[in-house]
Amino acid sequence: MRSIYAYTEEIDDLEKAVAELKAQVEKEGPLLMHSYGIVNCDYEVDTARLAELLKAEFDFPVMGCTAISVLNVKQGHTDLCISMMVLTADDCVFQGGITKELWEEQDLRYVEECYTELHSSLPEKEKLIFVYTPFWENIIPDDVTYCISEISGKQVPIYGGISSDGWD
């Protein structure tokens with residue numbers, strides 16, 4: 001598996017921002033059979049518009065969330081940016097999904113439904129679960145992690161973070 005990192009400080013002109021991200025990804029060479037993008041951006045970014053543009057420019061799924069800041073080797077600590085990591089491989093399959101909105105403890109069933117749908121579409125048992133959880137008033141983010149750990153059989157590493165600010 002290879003990872004490709006792209007970054008832009010352009011957060012107002014999203015067409016320009018996505019063009020910069022795409023140019024950086026393309027510069028790293030051809031993508032392999034399976035690819036998946038992970039995006040973090042400042043909460044002031046129009047995330048709905050960014051998602052539309054990313055979908056139009058890239059022929060692989062992209063997930064992401066708002067973040068207070070981004071850490072990376074090239075820039076160190078940054079904010080007011082959009083960063084994108086593309087995972088690409090011939091021998092890995094990537095799946096992504098989003099739950100229905102979670103407001104109450106009983107809504108954790110949506111986490112289970114999303115996991116079950118994604119799990120059943122994979123050719124074999126998942127090797128890593130990557131999760132973004134927003135911070136809710138009535139649900140502790142740990143509860144989401146524990147729920148996924150339980151339904152996945154407690155044998156799969158879970159990694160991720162808490163989205164911030166924009167809550168989208």
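## Basis

In this predicted model, local features need pLDDT of at least 70, side-chain atom pairs count only at pLDDT 80 or more, and totals for chains, interfaces and linings use all residues. Residues are numbered from 1 along each chain as its sequence is written, and side-chain values use heavy atoms, with hydrogens and water left out.

## Sheet and helices

An open sheet is formed by four strands in the order S1-S6-S2-S3, with mixed pairing. S1 (2-8) and S3 stand at the edges with a single partner strand each, so one side of each has no neighbour in the sheet. On average, neighbouring strands of this sheet are turned by 15 degrees against each other, direction ignored. Strands (E, at least two residues) and helices (H or I, at least four) are DSSP runs numbered from the N terminus; two strands pair if DSSP finds at least two bridges between them.

Eight bridges join S2 and S6 in the antiparallel sense. Met 85 in S6 is the bridge partner of Ile 38. Helix H1 (residues 14-27) lies across S1 and S6 and runs at about 150 degrees to S1. Helix H2 (residues 47-57) lies across S2, S3 and S6, at about 155 degrees to S2. Axes are lines fitted to C-alpha atoms, for helices over the stretch in contact (heavy atoms within 4.5 Å), and angles run from 0 to 180 degrees between N-to-C directions.

## Second largest pocket

The second largest pocket has a volume of about 510 Å³. It is lined by 20 residues, of which Asn 40, Val 70, Leu 71, Phe 130 and Tyr 132 are the closest to its centre. A pocket is an open set of points on a 1 Å grid over the protein atoms alone where a 1.4 Å probe fits, with protein on both sides within 12 Å along at least five of seven lines; lining residues have an atom within 4 Å of a point. Grid points are joined across faces, edges and corners, and the volume is the space filled by probe spheres set on the points.

At least two lining residues come from each of S2 (34-41), S3 (62-66), S4 (70-72), S6 (82-89), S7 (129-134) and S8 (158-163). S8 gives the most, with four residues. The lining has 13 nonpolar, seven polar and no charged residues. Here Ala, Val, Leu, Ile, Met, Phe, Trp, Tyr, Cys and Pro count as nonpolar, Asp, Glu, Lys and Arg as charged, and the others, Gly among them, as polar.

## Individual residues

Ser 83 is in strand S6 and is buried at 4% relative accessible area (buried is under 20%, exposed over 50%, partly exposed in between; 1.4 Å probe, protein chains only). Not counting residues up to four places away in sequence, Ser 83 touches Tyr 5, Ala 6, Tyr 7, Ile 38, Val 39, Asn 40 and Val 70. Thr 133, in strand S7, is buried with a relative accessible area of 5%. Beyond neighbours within four places in sequence, the contacts of Thr 133 include Pro 141, Val 144 and Gly 161.

Tyr 132 also lies in strand S7, but at 22% relative accessibility Tyr 132 counts as partly exposed. Among the contacts of Tyr 132, leaving aside neighbours within four places in sequence, are Ile 38, Asn 40, Met 63 and Gly 161. Lys 127 lies in the loop between helix H3 (108-120) and S7 and is exposed, with a relative accessible area of 56%. Lys 127 touches Val 156 and Pro 157, not counting residues up to four places away in sequence.
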